[in-house]
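Here's a quick tour of the model, written for someone who likes to know the cut-offs. Have a look at the structure first, then read on.

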Amino acid sequence: MKTLIKLTLVMLFALVISACADTGKVDKSVADNNLALGLLKTVESSSKEAGQIEIRGTYLQASCSAGSCNTPGSNTVSIQSNFGTTTGYLYVDYVNGAGTSTYRVNAEIVEFSNTDRVLYYKPKNSANISALIWTITDAKEILICDVFNGKPSLVETKSDLNSRKASGTVYTSNPKSAGCNGSFAFNFLTRTF
């Protein structure tokens with residue numbers, strides 16, 4: 001009798017284990033559908049990631065002149081774009097030799113273009129929109145120029161930038177020497193990892 005009870009318990013235990021093994025299984029068609037949805041979301045996320053601003057990140061800024069750039073100091077520039085849009089934010093903190101902030105820009109990027117390498121921003125304390133252009137050298141150096149051309153509308157700011165480019169006061173061909181608002185050189189950015 002003892003053997004019969006043991007055999008019955010073993011069979012019940014095996015039945016419970018096999019029933020538990022099937023718990024939580026998903027039908028193949030449901031699993032295939034979930035996989036397809038996951039792959040579509042990955043493609044969508046990759047597409048949105050590819051649309052981010054080319055120079056997003058946080059940098060130390062240095063000035064350039066006569067073809068060379070200074071060692072980056074304490075000035076910081078942060079550029080981020082909102083996922084899946086052509087908007088974002090620009091934050092610049094200019095620091096003096098004593099290590100205290102002298103000027104800050106906290107701005108909304110209202111539009112950017114990686115193709116044209118320009119972003120248009122509106123500081124939080126201003127109604128005007130300005131342009132910032134950038135170039136990337138063959139050595140992968142990022143140089144920026146704040147055009148300081150604040151206008152009441154994006155259309156006017158774009159028109160002003162195009163006018164400045166046409167007149168030769170803004171250009172990217174020799175950014176370490178000139179091309180930013182006349183004879184000024186661009187600023188050099190070093191990523192802060």
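## Helix 3, face by face

Start with the outward side: Val155 and Ala166 are exposed residues on the face of helix 3 that is turned away from its buried side. Exposed here is over 50% relative accessible area, buried is under 20%, and partly exposed is in between, using a 1.4 Å probe and protein chains only. Helices (H or I, at least four residues) and strands (E, at least two) are DSSP runs, numbered from the N terminus.

On the buried side you'll find Thr157, Asp160 and Leu161. Looking down the axis of helix 3, the buried residues fall within an arc of 100°, so they line one face of the helix; the arc is that of the directions from the helix axis to the C-beta atoms. Those buried residues pack against strand 6 (118-123) and strand 7, where contact means heavy atoms within 4.5 Å.

As for length, helix 3 covers residues 154-167, 14 residues in total, and reaches 20 Å from its first C-alpha to its last, close to the 20 Å expected at 1.5 Å a residue. That expected span is 1.5 Å times one less than the number of residues. Just after helix 3 comes glycine 168, with a positive phi of about 85°.

## Ground rules

The model is predicted: local features need pLDDT of at least 70, side-chain atom pairs count only at pLDDT 80 or more, and totals for chains, interfaces and linings use all residues. Residues are numbered from 1 along each chain as its sequence is written, and side-chain values use heavy atoms, with hydrogens and water left out.

## Positive phi without glycine

Alanine 66 has a positive phi near 50°, in a residue other than glycine. Alanine 66 sits in the loop between strand 1 (57-65) and strand 2 (68-69), and counts as exposed because its relative accessibility is 70%.

Lysine 140 also has a positive phi, near 65°. Its place is the loop between strand 7 (130-136) and strand 8 (142-146), and with a relative accessible area of 67% lysine 140 is exposed.

## Isoleucine 142

Which way does isoleucine 142 count, buried or exposed? This strand 8 residue is buried, at 11% relative accessibility. Isoleucine 142 and phenylalanine 188 are 46 residues apart in sequence, yet their C-alpha atoms are 6.1 Å apart in space.

The largest pocket has a volume of about 290 Å³. Of its 19 lining residues, Tyr94, Asp146, Phe148, Cys180 and Asn187 are the closest to its centre. Strand 1, strand 4 (88-95), strand 5 (101-113) and strand 8 each give two or more residues to that lining. By class, the lining has 14 nonpolar, four polar and one charged residues. Ala, Val, Leu, Ile, Met, Phe, Trp, Tyr, Cys and Pro count as nonpolar, Asp, Glu, Lys and Arg as charged, and the others, Gly among them, as polar.

The second largest pocket holds about 180 Å³ of space. Of the 14 residues that line it, Tyr103, Val105, Tyr121, Pro123 and Asn125 are the closest to its centre. The largest share of that lining, four residues, comes from strand 5. By class, the second largest pocket is lined by five nonpolar, six polar and three charged residues.

For the method: on a 1 Å grid over the protein atoms alone, a pocket is an open set of points with protein on both sides within 12 Å along at least five of seven lines, and lining residues have an atom within 4 Å of a point. Grid points are joined across faces, edges and corners, and a volume is the space filled by probe spheres set on the points.

Definitions and conventions: On a 1 Å grid over the protein atoms alone, a cavity is a set of points where a 1.4 Å probe fits but cannot get out, and a pocket is an open set with protein on both sides within 12 Å along at least five of seven lines; lining residues have an atom within 4 Å of a point.
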